[in-house]
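These are my notebook entries on a few places that I looked up, one after another. I begin with a residue in a loop, then turn to helices.

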Amino acid sequence: MRDIAGAVESGLTILCSAPAGMGKTVASLYPTLQHAVRTGGRVFFATAKNSQQQLALDTLRAMLDPADGIVAVQIPAKERSCPMDGRRCSQPRCRMQERTPERLQKNGLLEELAVSGVVDGATIVARALAARVCPFETALALAESASAIVSDLNYVFEPNAYLRRFFDVPYDRDLLIVDEAHNLPARASAHYSPELNLETLRAIADECLFGGEPAVQPAGLVLAELLDACDQTWARLGEERGDAPPWVEAPDLGLYERLAEPVADAIGAYQSFRSAGGRSPLQRAGLRPDTDARGRDPLLVALYALRDLGRFCAREPERFACLWSPGRLRVLCLDPAPFLRERVRGFRAAVFMSATLSPVEFYARRLGVDGPDTVSLDLPSPFPKTQRLLAAVTSVDTTYAKRSEDAEHIARIIADVIALRPGNYLAFFPSYAYRDEVIAKLPSGDHRVLLQLPGLPAETTLGLLRNNPGDTRLLAGVHGGIFAEGVDYPGDMAIGVFVIGPGLPQVSPEQELIRSYYDRELGAGFEYAYVYPGLNRVVQAGGRPLRTETDRAFTLLLGRRFAQKLYRDKLPLYWQDELVELADPVAAVRAFWES
Ligand code: SF4
């Protein structure tokens, strides 16, 4: 708290690594909010996952007395809070939107909401719907008078979703906290990496050009020029390259530059057309679905993507690469650092925190804050060492080629260890396929396996752990998923975790492009593309059970690579100090329970 307060006073960026359960949320919120209230600024608390927002709200509630008159607001997700599925925002005809500012002025809803001090998104949505106003606009209007704003990362960093009313004006009195900041670089890369489905665009272009509606012809012409250029590139790559696609190619900057003005004109014309009640080309052509998976108009999405390519790719071309597959063009942002830097610099000070931001040079570089105005803090676990056992199990090989060979061995280790003591255990695997392979080989025993299933609400599974009557339950999930990050297992909810890893991202054309980029830039491509992201997942998963000073749990890292210098040296310092290497962990775990 003292270090963060100092960074805020001095206008610095601070990277804080501290084990889960140590109190990072309160340590960052208290001094920043104090500063914001004193100076008339705001604190933006941005997270990648909704579960982290809940913790921030609980902390704010514990910190603030409604009588203080300090307001903190959670911004609900627009798509989820919109009674019209969010889709009508792209055609500004939503009647709720039109009426909201006027109604809010008259109905006193903002004042009523502000009375409770900390206002969560669900309350805003319920009250706004009852008052027949747009929930999202209500949250934003309330946020204008708030001292703390809790939201998804997108509302701070996404180039087409950031909150313009806060960031299109100077915000140098405001403070930024990014929770679980290790997620931000990948999220930001995705923001700047548009994907164009060329076949869908062809259908839209045809309808725009030949559907008989003059207002959409400018959009049709832009798409036709884009598709023509894509067809030529695809044909040329087919002749030049001897291998099968996907093919990598530098971005076509000349094309984006040529299209910049026509794209801007087409967006303006199309928006006016939709505002006046015009139907989208996909609706006109009777194509279904006429919106993308997020309920957005695909023509607008494509035009925005083209506009973004002109704005971002042309500005930092060496940080982008095009990946060509049949009917598909992905423009990948390999390094989002300059874009993140631009946003972060506008704040008075910024706090990035996570269970691990080590090595700090890697995260500072990836977050775009690797300058002299950045300081860092790397804290050890505050809990007694006798409360935990941290070991690398070196007798198993989890490299891709050996995985299947060692699946039975891993299953045997898990079964033997959980047989020592009844309770809840966690196991996290690099993929669902590998998880299933190991779990299928788990010897039968007095235990129940709970599988992480995509789409199954986390609470269903967590309830089974929370209400365990005293038997042995093993939750088997994957790295980076909801159970491995963002969910806490205090007390008896988990007494041990198996981390099968090091959980490197799968080799893919995208990861290989990142690897070559950082090889060129820093001579550390493998580390940047694979090792650091993999180990981060490991540390996230491995720290899950130890949340309070009374928790007692083991963390077993299964895989011989954890003992290798390349990996071991990159674990957080507090892990490196404590990590013991074992061939068979059963005796060590038994001794741990008996001690
Ligand atoms: S203005 Fe509000 S209610 Fe209307 S479509 Fe947009 S988010 Fe939904």
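**Entry 1, a serine in a loop.** I looked up S280 and found that, leaving out residues up to four places away in sequence, S280 touches Y270, R274 and D297, where contact means heavy atoms within 4.5 Å. S280 sits in the loop between α14 (253-275) and α15 (281-284); helices here are DSSP runs (H or I, at least four residues), strands are runs of E of at least two, and both are numbered from the N terminus. S280 is buried because its relative accessible area is 3%, the classes being buried under 20%, exposed over 50% and partly exposed in between, with a 1.4 Å probe and protein chains only.

**Note on the source.** I keep in mind that this is a predicted model, in which local features need pLDDT of at least 70 and side-chain atom pairs count only at pLDDT 80 or more, while totals for chains, interfaces and linings use all residues. Residues are numbered from 1 along each chain as its sequence is written, and side-chain values use heavy atoms, with hydrogens and water left out.

I then looked up G368, which is found in the loop between α18 (360-367) and β12 (374-378). G368 counts as buried, at 4% relative accessibility.

Which residues of helix α26 (residues 586-594) are buried? I noted V586, V589, F592 and W593. Seen down the axis of α26, these buried residues fall within an arc of 125°, so they line one face of the helix; the arc is that of the directions from the helix axis to the C-beta atoms. On the other side of α26, A587 and E594 are exposed. The cover over the buried residues of α26 includes β13 (388-393), α19 (403-418), β14 (424-429) and β18 (553-558).

Last, I looked up helix α2 (residues 24-39) and helix α3 (residues 50-63), whose axes come within 10 Å and cross at roughly 55°. That angle makes α2 oblique to α3. In α2, T25, V26, L29, Y30 and L33 meet L55, A56, T59, L60 and M63 of α3.

Technical notes. Axes are lines fitted to C-alpha atoms, for helices over the stretch in contact, and angles run from 0 to 180 degrees between N-to-C directions. Angles under 35 degrees count as roughly parallel, over 145 as roughly antiparallel, 65 to 115 as roughly perpendicular and the rest as oblique.
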